[in-house]
Amino acid sequence: MTNPLNKHLLDIASLPDKYLEAILQRTAFFAAEPREGIQRHQGRCIVNLFYENSTRTRVSFELAAKRLGADVINVDIAASSVKKGETLSDTVRTINALGVDALILRHAQSRAPHEIASLVDGSVINAGDGINEHPTQALLDAFTIQQRKGGIAGLTIAICGDIRHSRVAHSNIHCLSRLGAKIRLIAPQRFLPTEDYQPANVTCHTDMAEGLAGADVVMMLRIQFERIEGEPQPDIAQYRADYCLDQRLLKLANPDAFVMHPGPMNRMVEIADTVADDAQKSAILAQVKNGVFARMAVLDLLLTRSL
Ligand code: NCD
């Protein structure tokens with residue numbers, strides 16, 4: 001299967017360091033000069049194919065593509081032939097035959113973008129595949145940390161919540177550890193990664209106070225309830241008591257630490273209102289804003305084959 005990395009963005013795990021750096025630099029460029037994107041890719045066609053719910057990722061890709069001057073088509077899965085039994089491969093082949101420059105895919109099955117990449121003449125961008133990866137989220141998160149802290153190497157970054165089922169966590173662990181951060185994963189045992197998934201500079205903690213002590217960045221994640229259907233459900237009151245980030249717990253991190261969350265938040269489950277809405281400490285809306293710049297960067301580099 002020909003699957004050149006300079007054509008698709010499928011995951012962070014297989015993204016060479018030089019491409020990771022190039023995307024972050026391009027993100028900084030668009031963040032500083034958003035108007036530079038105007039008309040760059042006029043006449044190009046970008047399709048959003050989302051089989052799972054999304055608010056910010058889909059809108060963010062759409063806005064990024066429009067800021068670059070491209071045409072964007074959002075396939076409405078609920079109204080599509082998928083409801084008539086069409087397979088993912090056939091849907092992708094059909095969209096490819098219509099002629100698209102980039103296909104942005106979100107799918108519940110891990111590695112779905114990898115499997116369909118060879119069917120597409122243009123670029124495939126993974127917008128979240130099952131519990132596997134969500135590469136553009138990690139890129140926008142890395143950029144947000146760089147913006148706030150001036151760099152990533154040497155920082156201690158706490159990632160708290162349902163890490164095992166979170167594609168955001170998986171992409172961020174790859175991305176931030178490669179950029180030189182020390183990562184603390186904090187969760188009840190059932191939400192920590194399984195044994196075989198532990199890169200070098202990553203430690204696991206079941207105790208929030210222990211994991212948060214001295215952290216420079218605190219990234220909160222929701223429980224992925226849709227991925228643990230059929231398993232015993234967590235006791236939410238207990239989870240809140242042990243893992244909900246409030247101002248008292250946040251004080252254990254460094255005084256200048258800030259808080260991230262990819263959204264959607266489950267307020268008062270993993271994050272208290274007082275933290276989510278803390279104008280100084282919360283970078284949550286900055287993440288959303290940076291998402292457009294990171295996706296402009298990815299689209300621009302892939303469409304010009306600069307990766
Ligand atoms: C995440 C996702 O879909 O993986 N949302 C997002 O894209 N910002 C996180 C989540 O659903 O918890």
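This is a predicted model: local features need pLDDT of at least 70, side-chain atom pairs count only at pLDDT 80 or more; totals for chains, interfaces and linings use all residues.
Q: What counts as buried, exposed or partly exposed here?
A: A residue is buried when its relative accessible area is under 20% and exposed when that area is over 50%; partly exposed is what lies in between.

Q: Why is Arg111 called partly exposed?
A: The relative accessible area of Arg111 is 43%. Buried needs a value under 20% and exposed a value over 50%, so Arg111, at 43%, falls in between and is partly exposed. You can find Arg111 in the loop between β3 and α4 (112-116). Its phi is positive, near 70°, and Arg111 is a residue other than glycine.

Q: What makes Gln39 partly exposed?
A: Gln39 has a relative accessible area of 46%. Gln39 sits in the loop between α1 and β1 (45-50). Although Gln39 is not a glycine, its phi is positive, at about 70°.

Q: How do you know whether His8 is buried or exposed?
A: Look at its relative accessible area, which is 2%. The cut-off for buried is under 20%, so His8 is buried. His8 belongs to the segment before α1 (17-32).

Q: What makes the pair of His8 and Val124 a polar contact?
A: A polar atom of the His8 side chain lies 2.8 Å from the backbone nitrogen of Val124. A polar contact needs N or O atoms within 3.5 Å, so the distance of 2.8 Å meets that limit.

Q: Why is Val100 called buried?
A: The relative accessible area of Val100 is 9%. Since buried means under 20%, Val100 qualifies. Its place is the loop between α3 (88-98) and β3. Val100 and Asp71 are 29 residues apart along the chain, and 9.8 Å separates their C-alpha atoms.

Q: What makes α6 largely enclosed?
A: In α6, 10 of the 12 residues are buried, so the helix is largely enclosed by the rest of the structure. Among the buried residues are Arg167, His170, Asn172 and Leu176.

Q: How do you know that the length of α6 agrees with what a helix should span?
A: With 1.5 Å a residue, the 12 residues of α6 should span 16 Å. The C-alpha atoms at its ends are 17 Å apart, so the two values agree.

Q: Why is Ser166 said to cap α6?
A: Ser166 caps the N-terminal end of α6, with a side-chain oxygen placed 3.3 Å from the backbone nitrogen of Val168. The limit for a polar contact is 3.5 Å, so 3.3 Å is within it. After α6 comes Gly180, which has a positive phi near 95°.

Q: What is known about the largest pocket, and which residues are the closest to its centre?
A: The largest pocket has a volume of about 420 Å³. It is lined by 21 residues, and the closest to its centre are Arg106, Arg167, Arg222, Gly263 and Pro264. Two elements give two or more residues to this lining: α2 (56-67) and α6 (167-178). By kind, the lining holds 4 nonpolar, 10 polar and 7 charged residues.

Q: What joins Gly263 and Pro264?
A: They are joined by a cis peptide bond, with omega at about -5°. Pro264 lies in the loop between β9 (258-260) and α10 (273-276).

Q: What makes the largest cavity a cavity, and what is its volume?
A: A cavity is a space where a 1.4 Å probe fits but cannot get out. The count comes to 1 cavity of 30 Å³ or more, and the largest cavity has a volume of about 90 Å³. Its lining has 13 residues, with Arg56, Gln137, Pro262, Gln287 and Val288 nearest the centre. The largest share of that lining, 5 residues, is given by α11. The lining divides into 4 nonpolar, 7 polar and 2 charged residues.

Methods:
Residues are numbered from 1 along each chain as its sequence is written. Side-chain values use heavy atoms; hydrogens and water are left out. On a 1 Å grid over the protein atoms alone, a cavity is a set of points where a 1.4 Å probe fits but cannot get out, and a pocket is an open set with protein on both sides within 12 Å along at least five of seven lines; lining residues have an atom within 4 Å of a point. Grid points are joined across faces, edges and corners, and a volume is the space filled by probe spheres set on the points. Helices (H or I, at least four residues) and strands (E, at least two) are DSSP runs, numbered from the N terminus. Ala, Val, Leu, Ile, Met, Phe, Trp, Tyr, Cys and Pro count as nonpolar, Asp, Glu, Lys and Arg as charged, and the others, Gly among them, as polar. The expected span of a helix is 1.5 Å times one less than its number of residues. Buried means under 20% relative accessible area, exposed over 50%, partly exposed in between (1.4 Å probe, protein chains only). A polar contact is a pair of N or O atoms within 3.5 Å; within protein, one must be able to donate a hydrogen and the other to accept it, and residues adjacent in sequence count only if both atoms are side-chain atoms.
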